Amino acid sequence: MSNGIFGIGLSALQAAQRGLLVTGHNISNTATPGYTRQQVIQSTSDARATGSGFIGQGVQVDTVKRAYNQFLSRQVAQAGTESSQLETYFSQMKQIDSLLADSMGGSGLSPALQDFFGSLQEMATNPAEVASRQSMLSNAEMLVRQFHSMNSQLNEIQEGVNRQIENSTALINTLGAQIAKLNETIHMAESSANGQPANDLRDQRDELVAQLNDEVRATVVQSDGGYSVFLGGGQPLVMGSQASQLTARPSAMDADCLEIVHVMGGSSIPLKEANLDGGKLGGLLQFRNEIIDTVRNGLGRVAIGLAGTFNEQHRLGQDAQGNLGGDFFTTPGPVVAASTENTGSAVIDAEIVSYRDLDVSDYRLSFDGANYTLQPIRNGVEGTVQTFTTFPQTVDGVRLNLASGTVAAGDEFLIRPTAKGAGQIAVSVQDTDKIAAAAPIRTSAPATNTGTGRISAGTVNAPLPTDPNLQQAVTLTFTSATTFDVSGTGTGNPASVPFTAGGPITFNGWTVQITGTPQPGDTFSIGPNTDGVADNRNALLLGALQSSNTLAAGGASYRGAYGQLVSLMGNKTRELEVTAGAQAALLTQTRVLQQSEAGVNLDEEAANLLRYQQAYQAASKVIQTANQMFDALLEITR
C-alpha cells in the first residue's frame, strides 16, 4: 500500500516539477521574438482494478504543447507582408514627393521655367541689348541644369532601389536556407524524442517564416512536421531540407533594371514581378515599375517638348547676324534597347515627329515571326496591344522604322521616347548673336497708296522655312476687288493671289494679312529683314509658348504638364500614407489577438508558478506520509 502511495506522490511531484520548469521557461522568454507560450499536458495514469473498485495510480505528463494557433499566425503573416510592402512603397514614395515638391519651390523646375521665360520677355523688350540676350542664355542654362539635377536624383533613387532589391534577395536566400536547416533539425530532434514536438525549434522556424513574409509574400505547406515554402507565383523556396535561391541580375531589356531569377537544380528562371508581391521586395518592385519610370518619362516629356517646340519656333526667326535661326536646345531622342536574348540582327529606329502628341509611356515591341506587336506601358500598367506587319509605324508622335538587319521570331525591343529627356537636354546656342529674336521677313507699304489697306508684319510658316525663296523680294499689286498680282522671285511667279480683307496670303513660305480697302494700283512689299537687330517679332512668339498648350495632345503647357506630374505623385504619396497607416493598425490588432492566445502573460504565469509550487509541496507531503507508513510497517515486523 505504501508503495502505491509513494508512486502516486512521486508522479505528482514529477508533474509539478515539470509544470514549474515550463512556467519558468515561459517567464524567461517573455521578450523572446516569436516565442509561443508553452503548457504542460497531463492525464491520469491507468487505474488499477481491485476488489474495492479501480484505484488511481497518479498522474503522467503526456507532452509540452505550444499555445499555437495556425489560423491566427497566418493572419499575422498576411497582414505583415501587406504592411511591409505598403510601408516600403511609402518610404520610397516620400523621396519622389520631396523631389517634386521642392522643385515647385524657390529653386526648382517651375521657378526655373518662370525665370527662363521671364528673361525671354525682357529680351523681347530690349532685343538689341547684349545684356538681355546674355540673361536669357544664362537662365536657359539654369533651366537645363535643373532638369539634369532632378534626373541625377532620380538615378540615385533608382540605384538605391537596386541595392535594396539585392539586399532583400540575399536575405530571402538566407532565411530560406535557415528554414530548410531547421526542417532537418526538427525532424531529427522529434524522431529521437518519440515524436514529441520540439517547441522552441518550431518557434524559431515560425519566426523565420514571419521574417520571410516581411521580405516577400510566402505560402507555407506543412507535411510530416516539415515546412515547404512557396513564393507568390508557386515557385518553391524551401522543400524539406532543400532550399533554392533567388538572384537579382540586369534585365535583358534594360540593364539599369534588375530582374529576379529563381535558381534551382542548375536552372535559372526569371520570375514575373507581379508574382513577387508582398513584403519589402514587392514594395520596391512596385515602386520602381509604377513611379520611377513615370516620373522620369514625365520630366523627359517636359524637357523634350520644351526643346522641340522652342526649336521649331526659333528656326522660324532670324538672329542678330541676319541668318535664319537654328536649334536653341539640343533635343534628346528616343531610346531603343534590343533584348540581349534576341537572335536577329534588326536595328529599330525611333524618331519624334510630333512633340504635341508625345505620351509618357514606354513601349514593348515584339515579333512572332509574322506580326509585330506594340504594347504601351504606362505607370507600370500594360496597355492595349497594337498589331502590324510592316514599317514605318507612328504611335503617340513617335515614328518607328526598321533601320537595318533582320528581325527573328521572339525578338523584343524596349522603346522609351522620353526617358533620356531630362538628362540629355542642353543649350545649343552659346553666342548671344545666334538668338533668333527677329523675323526673317519685313513688310512695308509706300505712302503713295491711295487706299486704306494695311499689311501685317507677316509670319514664317511652320514647321520649317524650307522654301529657298523665303527672303526674296515680292511685291503685291492690287488689281481688283478680289485679286493681287505677285511680282518677284518665287514659286509660280508671276502669279496672282486671291484677296479677302484680313484673310491670309501665303507665298514663298510666309503668310501676311491685308486689312482695310486697298485701291487699284496700291502695292505692298515683302522682303528680307536686312536690319533686324532691334526686331522682337520672333522673340514674342517664343515667349507665347510659355502659356501655349503644346503638350499632351494640346491639353497642357510646359508648366501644366509638369504640374500634372507633381499632382499625380502628391496624390499617390497621400494615398500610400493613408493605406500604409491603416494596414499597420490592422497588423497591430492582429498581433494583439494572436498574442492574447500565444503570448506569455506574466500574471497568469505567476499564478501557475504558485499553483505548481503548492502542488509540489503537497506531493512532497504525500511522499513523506508514504515514507512514514512504510517505517511503521517495518516497526511492526520487528
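Colleague: In what order do the 4 strands of the open sheet that holds β5 stand?

Modeller: The model is predicted. In this sheet the pairing is antiparallel. β5 and β8 (242–243) stand at the edges with a single partner strand each, so one side of each has no neighbour in the sheet. The order of the strands is β5-β6-β7-β8.

Colleague: Another open sheet has 3 strands, with β14 among them. Why is one side of β14 left without a neighbour in that sheet?

Modeller: The strands come in the order β14-β20-β19, and the pairing is antiparallel. From one strand to the next the twist averages 30°. β14 (347–352) and β19 (393–395) are at the edges, so one side of each lacks a neighbour, because each has a single partner strand.

Colleague: What is the bridge partner of alanine 350 in β20?

Modeller: β14 pairs with strand β20 (residues 398–404) in the antiparallel sense, over 6 bridges. For alanine 350, the bridge partner in β20 is leucine 400.

Colleague: Is the peptide bond from phenylalanine 391 to proline 392 cis or trans?

Modeller: Proline 392 is found in the loop between β18 (386–388) and β19. The bond that joins phenylalanine 391 to proline 392 has omega near 0°. The peptide bond is cis.

Colleague: Are α4 and α5 roughly parallel or roughly antiparallel to each other?

Modeller: The axes of helix α4 (residues 130–192) and α5 come within 9 Å. They cross at roughly 160°, and the crossing is left-handed. Angles over 145 degrees count as roughly antiparallel. The two helices, α4 and α5, are therefore roughly antiparallel.

Colleague: What value is phi of asparagine 194 near?

Modeller: Asparagine 194 lies in the loop between α4 and α5. Its phi is positive, and the residue is one other than glycine. The value of phi is near 60°.

Colleague: Is the crossing of α6 and α8 left-handed or right-handed?

Modeller: The axes of α6 and helix α8 (residues 537–544) come within 9 Å and cross at roughly 160°. That angle makes α6 roughly antiparallel to α8. As for its hand, the crossing of α6 and α8 is right-handed.

Colleague: Which element gives the largest share of the lining of the largest pocket?

Modeller: About 1,200 Å³ of space lies in this pocket. Of its 42 lining residues, the closest to the centre are Glu273, Arg288, Asn289, Arg364 and Glu382. The elements that give two or more residues to the lining are β10 (258–264), α6 (279–314), β15 (362–367), β16 (372–378) and β21 (412–416). The largest share, 10 residues, comes from α6.

Colleague: Which element supplies the largest share of the lining of the second largest pocket?

Modeller: The second largest pocket has a volume of about 810 Å³. It is lined by 34 residues, and Ser73, Val76, Ala77, Asp206 and Ala210 lie nearest its centre. At least two residues each come from α2 (70–103), α5 (199–215), β5 (218–223) and α9 (558–598). The largest share, 8 residues, is that of α2.

Colleague: How many polar residues does the lining of the second largest pocket have?

Modeller: By class, 11 residues of this lining are nonpolar and 6 are charged. The polar residues number 17.

Conventions. Residues numbered from 1 in each chain as written. Predicted model: local features only at pLDDT ≥ 70, side-chain atom pairs only at ≥ 80, totals over all residues. Heavy atoms only, no water. 1 Å grid on protein atoms, 1.4 Å probe; cavity = no way out; pocket = protein on both sides within 12 Å on 5 of 7 lines; lining within 4 Å. Points joined across faces, edges and corners; volume = space filled by probe spheres on them. Nonpolar A, V, L, I, M, F, W, Y, C, P; charged D, E, K, R; others polar. Pairing = 2+ DSSP bridges. Axes fitted to C-alpha atoms, helices over the stretch in contact; angles between N-to-C directions. Parallel < 35°, antiparallel > 145°, perpendicular 65-115°, else oblique. Left-handed = near helix turned anticlockwise from the far one by under 90°.
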